[in-house]
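Subject: Structure for you to look at

Hello,

Here is the structure I said I would pass on. My notes on what was found in it follow below.

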Amino acid sequence: MGTMRILDHTGDTTITWSVDDAESVAAAARVFDRLTRERKIPFARPAGAPAADAERIRTFDATADEIVWVRPVAGG
Amino acid sequence: METAPLETLELPDGRHLLVFADGREVVTGVWRPHPHPVAGWEWLGGHRTRPRAAARRARAVATAPSAADGRAVALLESLLDAEQRRDYRRTGGFWVATPFGPVRLGRLYALVHRPIRRPDHEHVLCVVPHAHRELPLADIWTNLLLTLAVEPLEFFRVARLQQVRRRR
């Protein structure tokens with residue numbers, strides 16, 4: 001079971017999929033594409049791993065344990 | 001007898017931070033309204049205009065942790081290593097190692113960077129996620145933590161340098 005966590009005003013919104021369930025994978029891939037178009041940034045990490053073990057991904061990876069979506073950063 | 005401060009720093013709100021040789025820090029003076037350091041933005045909560053007692057009562061309600069805060073803190077803590085988690089629980093902040101020197105997250109709009117090339121100085125930086133005011137505070141740290149840990153160049157590319165000061 002893979003999980004996407006999208007940071008928002010609720011803390012985060014969670015989307016899950018299972019590699020055995022093609023429909024859930026396709027739905028997660030559609031969310032991935034939409035968030036990419038919104039310029040949000042996905043980092044994948046193994047379950048429970050610290051941020052230092054995360055990696056930026058460019059395409060949806062259904063084998064990822066967890067994908068955390070963050071926002072672009074800016075200075076003042 | 002009281003010793004003279006080692007250093008006196010003027011804070012943006014008109015008060016002064018006195019730093020003593022034994023490590024004590026004392027803030028003196030009276031807060032006054034001042035503009036947000038980021039152009040076009042305003043302070044969270046705005047300036048205080050109510051009487052102090054009313055403000056205290058309101059704050060007691062406003063600071064109760066919400067479900068959103070709880071989720072955000074749980075996600076952030078899951079991304080911290082053991083030492084960072086201890087530091088965060090004790091102080092509300094933690095250091096993140098980068099190739100350009102460590103950065104301390106924990107104080108919004110005033111992130112301390114200890115540059116490798118200037119070991120006797122600290123840089124105070126301002127970096128925030130897009131539309132950060134709609135996020136719980138811990139989500140802001142998660143956003144900055146992942147950016148710093150995985151894409152530090154992007155963090156430093158956009159960072160606004162607020163202040164350079166001597167390390168204590």
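In chain B of this predicted model, three strands make an open sheet in the order 1-2-3, with antiparallel pairing. Strands here are DSSP runs of E of at least two residues, helices are runs of H or I of at least four, and both are numbered from the N terminus. Two strands pair if DSSP finds at least two bridges between them. At the edges of the sheet are strand 1 (7-10) and strand 3 (25-28) of chain B, each of which pairs on one side only. Neighbouring strands of the sheet are turned by 20° against each other on average, direction ignored; the axes are lines fitted to C-alpha atoms, for helices over the stretch in contact, and angles run from 0 to 180 degrees between N-to-C directions. Strand 2 (residues 16-19) of chain B is joined to strand 3 of chain B by four bridges, and the two run antiparallel. Leu17(B) has Val27(B), in strand 3 of chain B, opposite it.

On the conventions: residues are numbered from 1 along each chain as its sequence is written, and chains are lettered from A and ligands numbered from 1 in the order in which they are written. As the model is predicted, local features need pLDDT of at least 70 and side-chain atom pairs count only at pLDDT 80 or more, while totals for chains, interfaces and linings use all residues.

Chain A has one helix and six strands, in the sequence pattern β-β-α-β-β-β-β. Its C-alpha atoms fill a box of roughly 45 × 25 × 25 Å along the principal axes. Of the 76 residues in chain A, 33% are buried (20 or more other C-beta atoms within 10 Å of the residue's own, with C-beta atoms placed from the backbone).

The two chains touch: 35 residues of chain B are in contact with 22 residues of chain A (C-beta atoms, placed from the backbone, within 7 Å). On the chain B side, helix 2 (67-79), strand 7 (121-129), helix 4 (137-150) and helix 5 (152-158) each supply at least two residues. Helix 4 of chain B gives the most, with nine residues.

The chains also pair through strands: strand 6 (residues 73-75) of chain A and strand 7 of chain B are antiparallel over three bridges. Gly75(A) stands opposite Val127(B) there.

Regards

Technical notes:
A residue is buried if 20 or more other C-beta atoms lie within 10 Å of its own, exposed if 12 or fewer, and partly exposed in between; C-beta atoms are placed from the backbone.
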